[in-house]
Amino acid sequence: MVLKKFSLSTALLVLVGCSFGEQQSPIPAEYAGAAYELSDSNAQKWAFVAKQTEQCIYPNLTRIQYEHFAKEDSYIHSQYVFFYPLEDLIGEDNVKIIQGDQKAMDYATYQFKKYKSKNDVENLDSKQCAVLRTKARDDLAVIKGERKSAMVEVETKEDGTTSTKAATDDNKFFFDIIKWGSALLL
């Protein structure tokens, strides 16, 4: 009898203890069968980091500006604000699964909107933000077809001094020759 009461009270305590843990909210029926189901906790973290990133890269972005983004700007915004933070959180393979399944994409969007913060969040570290802005700006330049080279060119001026400048359109023809020449050699 005592053993029965003890086992019953233990089972009851286990059930009560399990009910206080973090729970996943029920998935709406229209998203059932999604290839990847983003958890509530990951969605909350994603929404927070996405807001931080957006505040860093686009500190003065208005709704009207966002609605009138060029396709290149929209692409960079979606990559840096949505997909890269999500990739850092759940991994590249899982993001690819989400992107490949419409139900998973819709559910991830639903989760993001559910936890999206309308208020400002704490800013990213200034160094991290500067790096992120530079990367986004460089990627946007590449997508828009502007040439961006990592090579540094030393220019000697008439007075004998030197200055360092990044490769520009001034020497675009030179880089085209190198590019086509190396392609022919390969």
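Author: On a 1 Å grid over the protein atoms alone, a pocket is an open set of points with protein on both sides within 12 Å along at least five of seven lines, and its lining residues have an atom within 4 Å of a point. The model is predicted: local features need pLDDT of at least 70, side-chain atom pairs count only at pLDDT 80 or more, and totals for chains, interfaces and linings use all residues. Residues are numbered from 1 along each chain as its sequence is written, and side-chain values use heavy atoms, without hydrogens or water.

Reader: In what order do the elements of the protein chain run from the N terminus on?

Author: Helices (H or I, at least four residues) and strands (E, at least two) are DSSP runs, numbered from the N terminus. The protein chain has eight helices and two strands. From the N terminus on, the order is α-α-α-α-α-α-α-β-β-α.

Reader: Which element gives the largest share of the lining of the largest pocket?

Author: The largest pocket is lined by 27 residues, and Glu 54, His 77, Phe 82, Phe 112 and Lys 116 lie nearest its centre. Two or more lining residues come from each of α2 (40–57), α3 (63–67), α4 (71–90) and α6 (102–115). The largest share, six residues, is that of α2.

Reader: What is the volume of the largest pocket?

Author: A volume is the space filled by probe spheres set on the grid points, which are joined across faces, edges and corners. For the largest pocket, this volume is about 660 Å³.

Reader: How many residues in the lining of the second largest pocket are charged?

Author: Among the residues lining the second largest pocket are Val 49, Tyr 84, Asp 88 and Lys 135. Asp, Glu, Lys and Arg count as charged, Ala, Val, Leu, Ile, Met, Phe, Trp, Tyr, Cys and Pro as nonpolar, and the others, Gly among them, as polar. The lining holds seven nonpolar and three polar residues, and the charged ones number two.

Reader: Which residues have the most contacts inside the largest nonpolar core?

Author: A nonpolar core is a set of buried (under 20% relative accessible area, 1.4 Å probe, protein chains only) Ala, Val, Leu, Ile, Met, Phe, Trp, Tyr and Cys residues joined through side-chain atoms within 4.5 Å. The largest one has 27 residues, and those with the most contacts (heavy atoms within 4.5 Å) inside it are Leu 38, Ile 57, Leu 86, Ile 90 and Ile 98.

Reader: What share of the residues of the protein chain counts as buried?

Author: The protein chain has 186 residues. The share of them that counts as buried is 26%.

Notes: On a 1 Å grid over the protein atoms alone, a cavity is a set of points where a 1.4 Å probe fits but cannot get out, and a pocket is an open set with protein on both sides within 12 Å along at least five of seven lines; lining residues have an atom within 4 Å of a point. Buried means under 20% relative accessible area, exposed over 50%, partly exposed in between (1.4 Å probe, protein chains only).
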